[in-house]
Amino acid sequence: MQFEGEHLWIGTLGHSLILVAFTASLLATIAYAFAAAKKDAGEKLSWIKYARISFFIQCAAVFAVFSCIFYICSHHYLEYLYAYKHTSKELEYKYLLACIWEDQSGSFLLWSIWHCVLGIILINKTKDWEAPVMSVVSLAQVFLAMMIMGLYILGTKFGNSPFVLTRNEINGPIFGRSDYLSLIKDGVGLNVLLRNYWMVIHPPILFLGFASTIVPFAFAYAGLHTKRFGDWVKPALPYALFSAAVLGVGIMMGGKWAYESLSFGGYWAWDPVENASLVPWLILIAGLHTMVVYKATGHSLRASYLFAILTFVFVLYSTFLTRTGILGDTSVHAFTEAGRAMNILIFSFLAIFTVSSLTLFFINFKKIPAIHTEEATSSREFWMFIGSLVFFLSALFIIAKTSTPVINSVFGTKMAPPEDVEFSYNKVMVLVAVIIGLLSAVTQYLKYKKTPTAYTVKKLAVPTLIAVIITALLAVFYPLTYYKQGPGFLIALYIALFASIYSVISNAGYIWSGLNGKLKGAGASIAHLGFTLMIAGMLISAGNKEVISTEKFKDFNIPMGIDPLTKQQDVAAENINLIKQVPKKMGPYDVTFLNDSAGLETGKRFYHLLFQRIDAATKKVTESFILSPDVYLMKNNNMSSNPDTKNYLSHDVFTYISYALNPDREKDTSSFKILEIAIGDTIFYSKGFIVLNDVIKNPPTNKFKIPLTGPAVTANLIITDNDKEQYRAAPMILIDSMGIKQVDDTVYAQNLYIKFAGVSSDQKKIKIGVKESDKMIDFVTLKAYIFPYINLVWIGLVVMAIGLIMSMIRRANISSKAGITVLLLVSAGLFYMFLLAN
């Protein structure tokens, strides 16, 4: 059958290019492997030239494949399943890139692209290390190409091709028609949680971090393969520093996305996907420190090998965890089941690199040079190694807890997650924060080999005193209020806070006294300062996070779902109901649900909330802003909420919608019935009666918390239902600069609207309007927090990344002029992304 309107040429081209990429990467791997094995310089060079040509062809094919996918998505060629599943015509153009890496095959392609970029750099910079290093990179490219080939071998499909046709993958009667495309009006569209600025830039940065971990791994392999056991550390170190900076930034970009797009109630929830990305970074940081120790003293070479290998191994393991569907029940944003063949490919990728590298490491273990004399406990290298060990053990702790589904699957156990998942991590990691904070504060002042005690005490006396004073002042004037886990954990938080502040002060002092203000060699101190500033920000923002959407007595209850932060039933008392145009007190603010409006995408609605801070004495509004959290109402009546945040230098006001009514519900068409009554008179309605208790002129206060700037009258009404339950209502008439205004009241439990409609012509009675409705009152339920000093987290991250890049520039011997240019560009980019993107 000839199908109308299909654009088959682009898919055929794209799939052909994938086969080219696979073949070229396989040839490059073989050629580089032969080159690494050859002793003769002429033969080696000949194989390297052939390998380079193959690698460059592979790179061109990979970039062309990406272009083909983007072309299909941007032109909405819905005959391709990729476009049908991930794009829609209503989608903003900037999210087309996010459509590509929403899919498994697109994210593998993104990973492969970064390997191409890194490979080109390595070819130009690694000199005699090129063959063994690039053989590893090329082999990884073989596996990544297989992930997107989608070939059938003996009836089993290996890899998921991004160029499959919708009619071949989805069963439906319309696909039997030649004009089926005319019946498909639009694609499914990008996942609503991914329609965020950070999801355009977070995945590329994160995958660059993942991809770059292969470089230290490849150098470690090359060192073992060539028996140049210690020579690999120097060329690998700048790449390891770069990887640590990029991966760290990428992870916390994900935290920023979660903060802005997920109702986590924060930037971190110990979600398994978050953990899987954090673990390689922790091991990489451990490896960085042991590599520096080896460069300075000759110690810790074996540890450097192990950490360099395990960093990439755990990147592959995190890929296994997040892409095989094994975390589908424990993570909010892991990929679902990928299929048996894809799972076999991913597991093979992990197994081959893990088994081969660790086998090579243990075979050569005794040949790796090691200094057998113990380091002095007063030496810098001793405590740097202890710090590396703490990072490594914390990584093992996190990955062990995250791997519970894997353990259950392999061993048939039924281990359940702890009742409080968040605390099960925090109670251990707060101790890690204490140790790392203290070590990073003290170790900078120690010398290699041995340090006189008097020297250390003298250098640390002032930073210690300042840190003690600052911590004491905070304890008195701005105490932590995290009482949830008892006094023991609160004390641990204070100790961790002291350790973090101590490290910030100590490292800043070291730049001044130890380095005499010379910033060229201050990269490590700046990185330590930024890291512990970030930890201090986490402790303060989480320790003093305040839920302001609390109310003890709710007018009506809405069933709350599972809180994504605690994985437990959400607390109804921490969610507040806001009736449209009725102000309510929330912490220091009076909040009014103004209205809602439709977004550009189908099902998206913004809920506009007016926050006002009113001076108690003058009744004047001292601060006013509008937050507009949005909600995607799904076809199955499920709801996805995206928060909105008001950012200040000292705090954030963070809010998201917990529940909203479907805007397509049947509209209320009932009207007010106007009656004239005097004080003491009764009005009957279907569920009971209403008595006018009093009429109050110019009331000193009112239930709506509206500042009164002119004359006002309130009707004090008592409502009694048929079950003898009583309620109060106080509709108002007031006069302000805008004229006469009626403020209606609502008895939510009775679905009763009451209006103060005016005064009778003889001025002896007042007019009361009563409206009964069977329709749900227009309201939203929301949750709101105040996050204090959360900007310390983002500032600390930026400072840490800058410090790592400074160290990279120094270790790579980049010229001062070029180094300053790179540093300025990196700094400007980071500050823009994290501070101006709001």
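User: Why is serine 25 called buried?

Analyst: In this predicted model, serine 25 has a relative accessibility of 1%. Buried means under 20%, so serine 25 counts as buried. Serine 25 is placed in helix H1 (residues 8-37). Beyond its neighbours within four places in sequence, serine 25 is in contact with Gln58, Ser138, Gln141 and Val142.

User: What makes arginine 167 and glutamate 6 a salt bridge?

Analyst: The closest N and O atoms of arginine 167 and glutamate 6 are 2.6 Å apart. The criterion is a side-chain nitrogen of Lys or Arg within 4 Å of a carboxyl oxygen of Asp or Glu, and therefore the pair qualifies. Because arginine 167 lies in helix H7 (residues 166-169) and glutamate 6 in the segment before H1, the pair ties together parts 161 residues apart in sequence.

User: Why does glutamate 6 count as buried?

Analyst: The relative accessibility of glutamate 6 is 15%; the limit for buried is under 20%, so the term applies to glutamate 6.

User: What makes aspartate 590 and lysine 585 a salt bridge, and how is each classed, buried or partly exposed?

Analyst: Their N to O distance is 3.7 Å, and the cut-off is within 4 Å, so the side chains meet in a salt bridge. Aspartate 590, with a relative accessible area of 5%, is buried.

User: How many salt bridges are found in the whole structure?

Analyst: The search finds 13 salt bridges.

Technical notes: Residues numbered from 1 in each chain as written. Predicted model: local features only at pLDDT ≥ 70, side-chain atom pairs only at ≥ 80, totals over all residues. Heavy atoms only, no water. Helix = DSSP H or I, 4+ residues; strand = E, 2+ residues; numbered from the N terminus. Buried < 20%, exposed > 50% of the residue type's maximum accessible area, 1.4 Å probe, protein only. Contact = heavy atoms within 4.5 Å.
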